[in-house]
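Hi,

Here is the structure I promised to pass on. Have a look at it first, and then read on for what turned up.

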Amino acid sequence: MVPPTKITRTAMLVWGVGVGSYMLTVFLRSSLSVAGLLAQDRFGINASQLATFTMLQLLVYTALQVPAGLAVDRFGPRRLLIGGITVLALAQVGFALASTYPAALLARVFTGAGDAVIFMSVLRLVNSWFPTMRVPLFTQITGFLGQLGAMSATVPVTLLLRSAGWTTTFLAPAFLGLVFVGLLAAFVRDTPEHRNRSGTPISRRHITGTLREVWGRTGTRLGFWVHFSCTFSGNFFVLLWGYPYLVEAQHVDPINAGLMLTCITLVAVLVAPLVGQFVAHRPFHRSTLVLATLGFQMTAWAAVLLWPGTAPLWLLGVLAAAMGTCAPVSMIGFDYARTSNPADQQGSATGVINQGGFIATIVSVLTVGLILDALTPAGQPHTAEAFGWAMSFQFVPWVIGTAQVVRYRVRSRNEFRDRDVDAYERFRRGDLSVDWNLSVRPPEPGR
């Protein structure tokens, strides 16, 4: 398929409907973030059981990333979007009506299953409908518009829970899902040339061969560790533990705590276009931006955790800015999927890379819950000290992920230089005509 040379109205319509479905998906995924304490009362559960809601949802989401990527390559993004939103809407109905903990858990399983195919399908639409130089920018815009769904799942959901109750709050978005099913069916096309575009039939040989090729590329591995390192802290903070941490450990007013979570998303919205432009015009330095942002986030968390007593609001604001900045920077991982894999394997590569951040998120969500329960007597509220130890766990995946980013950054650059020193130097200086994609393929046998 020849990349488009300009942005058309049809491209904007297709993308708009797709990104709208992603915004709804993020809202449904994040709506439990400010309802955690109410969920504990509704279902009579402790912190570890509450964490299981998010952990199980993310576990299903993560486990389905590679199958979902293969499915996008096989069946195209349009069909996957329609199916995913349908599953999400039905799961939301089940969660709204659930009166027992097992029933609610089952609903969140299907929420994770529907969620698994949405983001990568929208990214495939971006890659198919926009000119190559505009793809990084629109990838970032897709990400930050999706985060508006997280923003609407903080203060508005808090107020709606108080006024309308659990069932109405969680049931209303399910009807919006049905609306998007109709919009996707009516307006979305896989490519400018095809309404539905099918790929190579799936077989065991095809699956194993594709995954071996995708993971064999250094760029894919670099993207995986970028997403692993940058994503998990903001995810587990916004999805579950941020609100209880701010209210119980930092003694922030519940409304202000919701505003703090909103601030994380707002920063992501403001930073995302800047990251997109940087990636488009300075692709050689993508990993440099990743490492700088990780340093900012780790420093902010260290300052908050080491602050004697309750951290001042300005420092919590800096922390929110650090987590918000990491969200769009984590999207650089998907740019590595685009530039290091052929078009017919980008869904699979995106799925592999997307697993990174959510594996780290699952481990963090569960570990924080276990540490809190271990350090808190049964029936007692969590203390600031318990939260301090629990939140300190983040430095374990940060150290692992950062070391791997450095490792594969060096390897990818060495591979490029070994193939063509002149092209490497021109690309390092900003010559965007150099074919970076060809440079990161693994060495041929015997070389």
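Counting cavities of 30 Å³ or more gives six of them. A cavity here is a set of points on a 1 Å grid over the protein atoms alone where a 1.4 Å probe fits but cannot get out, and its lining residues have an atom within 4 Å of a point. Grid points are joined across faces, edges and corners, and the volume is the space filled by probe spheres set on the points.

Before the details, please keep in mind that this is a predicted model, where local features need pLDDT of at least 70, side-chain atom pairs count only at pLDDT 80 or more, and totals for chains, interfaces and linings use all residues. Residues are numbered from 1 along each chain as its sequence is written, and side-chain values use heavy atoms, with hydrogens and water left out.

The largest cavity holds about 420 Å³ of space. It has 30 lining residues, and Arg-29, Gln-147, Thr-231, Asn-235 and Ala-327 lie nearest its centre. Two or more lining residues come from each of α1 (9-30), α8 (135-151), α12 (218-249), α13 (254-281), α15 (313-330) and α17, with α12 giving the largest share, seven residues. (Helices are DSSP runs of H or I, at least four residues, numbered from the N terminus.) By class, this lining has 19 nonpolar, 10 polar and one charged residue; Ala, Val, Leu, Ile, Met, Phe, Trp, Tyr, Cys and Pro count as nonpolar, Asp, Glu, Lys and Arg as charged, and the others, Gly among them, as polar.

The second largest cavity has about 100 Å³ of space. Its lining includes Leu-123, Asn-127, Phe-334 and Gln-346, and α16 supplies the largest share, four residues. The classes here are five nonpolar, four polar and two charged.

Helix α17 (residues 346-375) also meets α11 (residues 204-216): their axes come within 10 Å and cross at roughly 65°. Those axes are lines fitted to C-alpha atoms over the stretch in contact, and angles run from 0 to 180 degrees between N-to-C directions. Thr-210, Leu-211, Val-214 and Trp-215 of α11 touch Ser-348, Ala-349 and Val-352 of α17, where contact means heavy atoms within 4.5 Å.

Lastly, look at Val-17 in helix α1. Val-17 counts as buried because its relative accessibility is 9%, and buried means under 20% relative accessible area (1.4 Å probe, protein chains only). Beyond its neighbours within four places in sequence, Val-17 contacts Phe-180, Leu-183, Leu-184, Phe-187 and Val-188.

Cheers

Technical notes: On a 1 Å grid over the protein atoms alone, a cavity is a set of points where a 1.4 Å probe fits but cannot get out, and a pocket is an open set with protein on both sides within 12 Å along at least five of seven lines; lining residues have an atom within 4 Å of a point. Buried means under 20% relative accessible area, exposed over 50%, partly exposed in between (1.4 Å probe, protein chains only).
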